[in-house]
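Student: I would like to go through this structure with you. Could we begin with the overall picture and then turn to particular residues?

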Amino acid sequence: MTIILSPVGTVLVGIGVESLLPATVSAASAFAQHRSTTSFSYTGTLTSGQTTTFPIVFNYETINPKPSNVAYSFVMTTTVVLTASGGGSLSLAPTSPNPTIQF
């Protein structure tokens, strides 16, 4: 699965995903124009009709000087690729609001 966080409007710092337990980070957050892309893999099993939850821990892009007294919003896109049954893809909307980072 891949999570992309795209800034809304003029943003001077990015936000990324640090962990998505119980999934494993496949690659560290990569920032480009304050947009982040992070890939994860999950090797657990799900039975038909079963759901699972992946709590997300966010991090922010290190910049100097750090902004102050501002809030930035980001649009989160989640893509899940299914491989257990021969492949396929499914796009999912996050169940929580899009993240905002406050400095």
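Predicted model: local features only at pLDDT ≥ 70, side-chain atom pairs only at ≥ 80, totals over all residues.

Student: How many helices and strands does the protein chain have?

Tutor: The protein chain has zero helices and eight strands. From the N terminus, the order of elements is therefore simply β-β-β-β-β-β-β-β.

Student: What share of the contacts comes from residues 24 or more positions apart?

Tutor: Such pairs make up 66% of the contacts in the protein chain that have a separation of 6 or more.

Student: And what about burial and surface?

Tutor: Of the 103 residues, 25% count as buried.

Student: Why is strand 2 described as largely enclosed?

Tutor: Strand 2 covers residues 15-19, and four of its five residues are buried, so the rest of the structure largely encloses it.

Student: Which strand does it pair with, and in which sense?

Tutor: Strand 2 pairs with strand 5, residues 57-60, in the antiparallel sense over four bridges. Within strand 5, Asn-59 stands opposite Gly-16.

Student: Changing topic: is Gln-102 buried or exposed?

Tutor: Gln-102, which lies in strand 8 (residues 100-102), has 55% relative accessibility; the cut-off for exposed is over 50%, so Gln-102 counts as exposed.

Student: What is Gln-102 in contact with, beyond its neighbours within four places in sequence?

Tutor: Gln-102 is in contact with Asn-69, Val-70 and Ala-71. Val-70 is 32 residues away along the chain, and its C-alpha atom is separated from that of Gln-102 by 6.0 Å.

How values were computed: Residues numbered from 1 in each chain as written. Heavy atoms only, no water. Helix = DSSP H or I, 4+ residues; strand = E, 2+ residues; numbered from the N terminus. Buried < 20%, exposed > 50% of the residue type's maximum accessible area, 1.4 Å probe, protein only. Contact = heavy atoms within 4.5 Å. Pairing = 2+ DSSP bridges.
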